[in-house]
Amino acid sequence: MWEYCGHSLEIARLRGATYADVRLMHSRQRDLTTKSGCVGTLGQSESIGLGIRVVANGAWGFASTDQLTREGVANCAAQAVAIARSSALAKKENVQLVPEGTYVDSWQGPCLKDPFEIPLEAQLDLLLAVDAEMRKVRGVTLSETDMQFRKIDTWFASSTGSKIHQRRVISGCGIVATAFQGDAIQKRSYPNSFGGQHVLGGYELIESMDLLRHAPRVGEEAVALHSAARCPEKTGTLILGGSQLGLQIHESVGHPIELDRVLGQEANFAGTSFLTLDKLHNLRYASSFVNVVADARPAHGPGLGTFAYDDEGVPAQCIDVIKDGEFHGYLSSRETAHLIGLPRSGGTMRTEGWNRLPMIRMTNISLLPGSWTFENLMADTDDGILMDTNRSWSIDDRRYQFQFSTEIAWEIKGGKRGRMLKNPSYSGITTEFWNSCDAIGNANEWVLWGTPNCGKGQPMQVMGTGHGASPSRFRNVKIGTAFSNQ
Amino acid sequence: MNQRSKRRNALVSGAVLRPERELHEIGATVLRLAKKRGVLETEVSIDESIQALTRFANNTIHQNVAEQGLVVSIRTATDGRTARVTTNRVDEDALRVAIEDCLSLASHQPKDAKLLPMPGKQKYRIVHRFHPGTAALTAELRARAVKNTCQFADKKGQVAAGIFSNGQSQCVLVNSRGLTASYRHTNATFSVTMQQGSAASWAKANSGDVTQFDPLELVKIASSKAVRAQNPLELAPGKFTVILEPAAVLDLVGFLFYDFAATAVADKRSCFSERLGKSILGENITITDDAYHPHQLGSPFDGEGMPRQKVTLVERGMVKNLVYSRRSAKQAGTRPTGHGFPLPNEYGEAPMNLVVEGGKTSLEEMIASTDSGLLVTRLWYIREVDPYEKIMTGMTRDGLFRIEKGKIAQAAKNFRFNQSVLEMLRNVESLGPARRATGEEAFEMVVPPMKVRNFHFSEVTKF
């Protein structure tokens, strides 16, 4: 592998590149699903190839190939340089990169039980058993389960001498019960919607989920939602469950702090950001006890944004994003760091695969734990609504105005969980919402949630991001607007 | 010049696909190896793709990429058990391993009594969707078009961002029962956002033939709308008459595509469950799936190699038909329509070439006939709030304009909508000519602009 990396770098140099980095990646994936008692998807895939990014004539070029021969990677490197020279036809300034050290290293992410070594029969048996448990509930019209495993090896080399190998194993699993009745469809998911929970780790994740125990409850709640009262439309107190808060962080903190968006580089597609450069260290983003970090270090936990080095060879770091409520930092790269006066990249350049360019992406954007137990949080709430498990999410292209709906909610009256509510939703303006936070769950409630489906870039890249969160409370939130027309 | 030299030069100037026979040779190798291994039934699809994309922002190129790859996907079926393995390694040893992996995966599952034997040889309509000029577009030619865009923006005091991409792809599908299908096409896209101060507008085109659009014309449209988009007025949310440009129609109506799947209806997760044969949309709404429409791209066969049929899904507001894979057709006692996904999967099928029938009212006539309303350029971040009423939420973006007394009066601050697509398609007052539309939420389809009454905007944002 290193030979192909080295050869492509050498060809790039000979063709006139002043900087080059290369990623040779080999990924294996296994996907299993069941639907209403039958195996749905049953597939395995493998992909290997090389992508090289170069600077020539002061401009960027990138090319990728699956032709892993000396000739194939040489052609690829030559193509990248030719593309960079074309880019230079419409450049304003030369590409400038902040300095970074040279590293020769090898790192493997946490994985106690290699999911590819677990017998497939055991995996399918578990999913089919869980599927059957959900269908035992009268009124469940569709039961679905899924498992997904990925093993990704990356060999990174740069023209400045870095050579880094990383292996990351990612595991994910989720279950869903759907109930169709009359004129409505209701569903419940566990442990999260849209594919469940995903972590950097092995089959130990699946074993920790206790799927069989949760399956009947998931089915029962899906059916019970049909007879639940509709979530009222009002302004009031909201407690968000951890997984929903994780997505709230993703959309209303994680995306706005991406420096490429702030600088207009995503204006045509993913959008820009309300966090213009004048707001750095100059914006009350949230309540004074809200602290959010972007932490890619393994010490933060086995998140989808955990690694040892990013995809331009910068070591993983922890960045304060919101510190004591104040906006404190962006996600940056070697090319963008100097634009905000940073001497070094924040190490957030990531790529979906060998055929994609590294871009600024979220790592683990996490809300640090507060001091409240869940029980105390509920007991302290006289009148409110508890919402859990995302059903839909949407936010404008500058990340101000958002609306989320969740699968389920419960009334809170006099400090106690009351009746179930269906079709819950809430909406708001990002900074107003975060400034209305008045209680954050403690470390015992904190979970590092995985969002496996974050889309960004052209061509589109789907990336996994991590979001640590514990149930938290927000005051004066607009509730119920999604269904206000009905 | 020999083949190898041609390929090397092509990689630098503009890459070329392999001769189709090389893909057939890979397919034949897999079938031979599987037969030797004693596999009862084998299906192989070989997909090759070459894509390039030049991305610009702040009036300069900031990303410029190219990729090429070939993927072999193998499905085996033995004794009611099937599985799929995909690899991009095409040497004989790797293909042999992939077959073994596939057999191993399949053998560990329970027998599926409803698994059908693979289909035999089929006949396909011929479609010509490969345009050599589009395939030959080089990084330099794209960069020159982008340079013109950036110079135009500089002159106007505006900031341009967008993409110019082109690509070519081909696929071959064969199986051990003698089915052989092949297809190739080219594609090109130009998308531009023009920003003036805090205002912005947008235009985009996509075609199999790059000569079918003029990037600079799109730039001029977005530029003039960006000028109009300045100083937006904040309006109170509520129900408005809206004129939706084709991209806005596409990105909303596109969310219906999976609801037309017979499997989704059988699973009771479609908004058309228990609504077949009912008039639930307006009489002026007719929707077909037509892979052969001149503005469509895509292969004339589905994931199992069945020929795609033209299907009338909605006729004058009534849901008439669904699309079927072989499996869902068998269960429903009807014929497959050629819309199945590659097996095994849990979703069944979907129409991928929707055509919403247009009308004769031009966008200008729609505006002129509107006493009070809003013109919507495009929508953004659309998600499903309610699956049965098909309530979607999302934002307007890059050009929302207030219409007063038949004229565009002023830009308006962007709204959030919460709107049932079914209700929207009951409230269509007029339709323009249908065209190939391209947005960011749905894949490209043929749709008209629409004038719709009582469109529900629930909240307003800050810009």
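The model is predicted, so local features need pLDDT of at least 70 and side-chain atom pairs count only at pLDDT 80 or more, while totals for chains, interfaces and linings use all residues. Residues are numbered from 1 along each chain as its sequence is written, with chains lettered from A and ligands numbered from 1 in the order in which they are written.

Strand S6 of chain A spans residues 163-181; helices (H or I, at least four residues) and strands (E, at least two) are DSSP runs, numbered from the N terminus. S6(A) is mostly covered, with 15 of its 19 residues buried. Here, buried means that 20 or more other C-beta atoms lie within 10 Å of a residue's own; exposed means 12 or fewer, and partly exposed is in between, with C-beta atoms placed from the backbone.

S6(A) pairs with several strands of chain A, where pairing takes at least two DSSP bridges between two strands. Strand S4 (residues 104-108) runs parallel to S6(A) and is joined to it by 5 bridges; A:Asp105 has A:Ile164 as its partner there. S5(A) and S6(A) make a hairpin with 4 residues between them, and A:Gly161 in the turn has a positive phi of about 105°.

Strand S7 (residues 184-190) is antiparallel to S6(A) and linked to it by 7 bridges; A:Ala179 finds its bridge partner in A:Gln186. This pair is a hairpin too, with 2 residues between the strands and A:Gly182 in the turn at a positive phi of about 60°. Strand S8 (residues 197-200) also runs antiparallel to S6(A), through 4 bridges, and A:His198 in S8(A) stands opposite A:Gly172.

In chain B, helix H7 (residues 246-253) is mostly covered, as 8 of its 8 residues are buried. Among them are B:Pro246, B:Leu250 and B:Asp251.

B:Asp251 turns up again as a contact of B:Glu440, which also touches A:Phe269, leaving aside residues up to four places away in sequence; contact means C-beta atoms, placed from the backbone, within 7 Å. B:Glu440 sits in the loop between strands S17 (435-437) and S18 (445-447) of chain B. B:Glu440 counts as buried because 22 other C-beta atoms lie within 10 Å. B:Lys204 is 236 residues from B:Glu440 in sequence, yet the two are 9.8 Å apart in space, C-alpha to C-alpha.

Key
Contact = placed C-beta atoms within 7 Å.
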